Amino acid sequence: MAIMPLFLLGFVYCGPKADLLENQVFPDKGTSEEGDASNSFEDVSTENLEGQLQSGLVYVIDYREHKYQYQRSNSVDAFSGYMSVSNSDFQYGGRLPYIYHYPNTYYQGPLGESMKLFPYLYHAYTYAANENHNLPEWKAIAQILYGYSMQELVDFYGTMPYDDYRNKKETPPLNYYSGRTCYELILNDLAEAVETLKTARPDATKLQRIEGTKGGYSDGNWEKWVKFANSIRLRMALNMVNADPTWAQTVAEEVMADPIGVLLETDGDFQLPDDGQTQHCLYQISAVWNDIRLGATLENILKRYEHPLLEKWFSKNSAAIKAREGGALMLQSGKDYVGIRNGVQMYGNSGNTVGYGTFSAFADRYMPRAYFKVAENLFNLSEAALRGWNVKGTAQDYYERGVRCAFDAYGLGGQADAYLQKTKVKNVDYTDYYVPSNSCKGRVTVGVKWDESDENEVKLEKIITQKYIANFPMGAEAWTTFRRTGYPRVFPVPEDKGWTYDNSFDVETQIRRIPFNMETSNDLANLSNIETALGAPNAAGTQVWWDTTDWTQRDENGWPIPDNF
């Protein structure tokens, strides 16, 4: 992974001026700031421990523009179909001629940025509960944050050195565990953290020492940390349902038997402090730096449902779009919401006036910055109920509440009733005005209205498709759910691009996991342990442990056939 020169790192960290840089991606890898107490393996003062947790909270999903671009938007956000990279050249990063180009440093972004979190949790996990500090609730919070991060990383890469990273060991060879073992360890950590918090019942003052006084996170309420942990457990239960349905059901029902439960409508999302005037990083990356645009899959789904959130989240094309070949005028400026299909060829950086740079930019400047959205829980509970699990509600009720939650979050509650009655979608196909050969027939055909006579697979497609919309822009979970279920119907990558670098997957199944880069001797020293833990090659087509469907089975259209029941 490339390391930036020290003078550039100093400039990036210098404050507001850094926000003026365009196309800013910096794949620096490190565990902590130089001289930070988190570098120590010994116990530290309570004041230092407190400061480390304060710092760690912002690293869970790093919503700072430069970091988010490296951690999310140039990889998992694109894999999900939510967004797409709109140029190939970045001022402080390698070229990305198409999103599946390999090797590239951005594939290591989710891991590289998350590894900066782990040292900030070390002292809280190791020492917070001892007699010097007597703060077991801070250990519990460290467990929850580590579990949240590890759950995502295991789902991205398929294996993680769970104990080594917790213990700040980075020198290879590392001890990689299977995905299933990692899930066991995460669930144990989360369950222990829940019980610790129920015993400690920390007051708002103790929580505000690490959360601050501006609100957000748990808003000073320890029960919300429990609900956050339980929400992660419920998510994991659904992730592994095809691999181990009995274990999945047990986890979900244990969570819902807990009197505190999961995050629901009256709790609000688990998110960073929000004053209504804090700019979301996607606005800077998309509308200012012109580095990402609306994804074609999300565009087409929202148009087919005639969903009002399309105009809430995105702007129309910023300039006239002319065909790349021949230069014919295809669309006048400001006429339509247009997304980019993942995997298409990029043609440099043209700002917002030419080519893909004119396509729809993210426009919801002050969208709250969530770690976990209530809407996800409602749809997860709907799926759980559909499977016959005891989760204190019906599939239809949770489903409709999930849809309403998404509308209410943006002040659109008055439109939810009519939306829930939609039995058909609008027949809209995707048009790439810049490179027309990349145009694609729309794939989502299920309506919104709940129909008990539908087969379970159809009901699940409705649940997941509406969850996909409601949970935007949480690309990590969207990508994981697509890989697990086959829903929503994400557009395939154009077949004429050389993105299947290892021939391990095709344009329909798409990338199944992020492969570890193997460019240095340190990387290669871990390869044997990685592939042993995966039980398969370090390939982008290797299915992670919970991805058990035989995706080679195709229907009459050549589309993969989901098999979730």
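Is Thr 126 buried, exposed or partly exposed? I looked this up first, keeping in mind that the model is predicted. Thr 126 comes out at 36% relative accessibility, so I put it down as partly exposed, since buried would need under 20% and exposed over 50%.

More on Thr 126. I found it in helix 6, which covers residues 118-127. Its side chain reaches the backbone oxygen of Tyr 122 at 2.8 Å. I also checked Asn 167: 41 residues separate it from Thr 126 along the chain, and the two C-alpha atoms are 9.0 Å apart.

Next, helix 3 against helix 13. I have residues 65-73 for helix 3 and residues 281-288 for helix 13, with the axes 9 Å apart and a packing angle of about 85 degrees. On the helix 3 side I noted Glu 65, Tyr 68, Gln 69 and Ser 73 in the contact; helix 13 brings Cys 281, Leu 282, Gln 284 and Ile 285. Sorted by class, I get four nonpolar residues, three polar and one charged.

Last, helix 11, residues 222-239. How far apart are its end C-alpha atoms? They are 26 Å apart, and 18 residues at 1.5 Å a residue should span 26 Å, so the two agree. I then looked at burial: 17 of the 18 residues of helix 11 are buried, so I have this helix as largely enclosed by the rest of the structure. At its start, I see a side-chain oxygen of Asn 221 reaching to within 3.0 Å of the backbone nitrogen of Glu 223.

Notes
Residues numbered from 1 in each chain as written. Predicted model: local features only at pLDDT ≥ 70, side-chain atom pairs only at ≥ 80, totals over all residues. Heavy atoms only, no water. Helix = DSSP H or I, 4+ residues; strand = E, 2+ residues; numbered from the N terminus. Buried < 20%, exposed > 50% of the residue type's maximum accessible area, 1.4 Å probe, protein only. Polar contact = N/O pair within 3.5 Å; in protein donor to acceptor, adjacent residues only side chain to side chain. Axes fitted to C-alpha atoms, helices over the stretch in contact; angles between N-to-C directions. Contact = heavy atoms within 4.5 Å. Nonpolar A, V, L, I, M, F, W, Y, C, P; charged D, E, K, R; others polar. Expected span 1.5 Å × (residues − 1).
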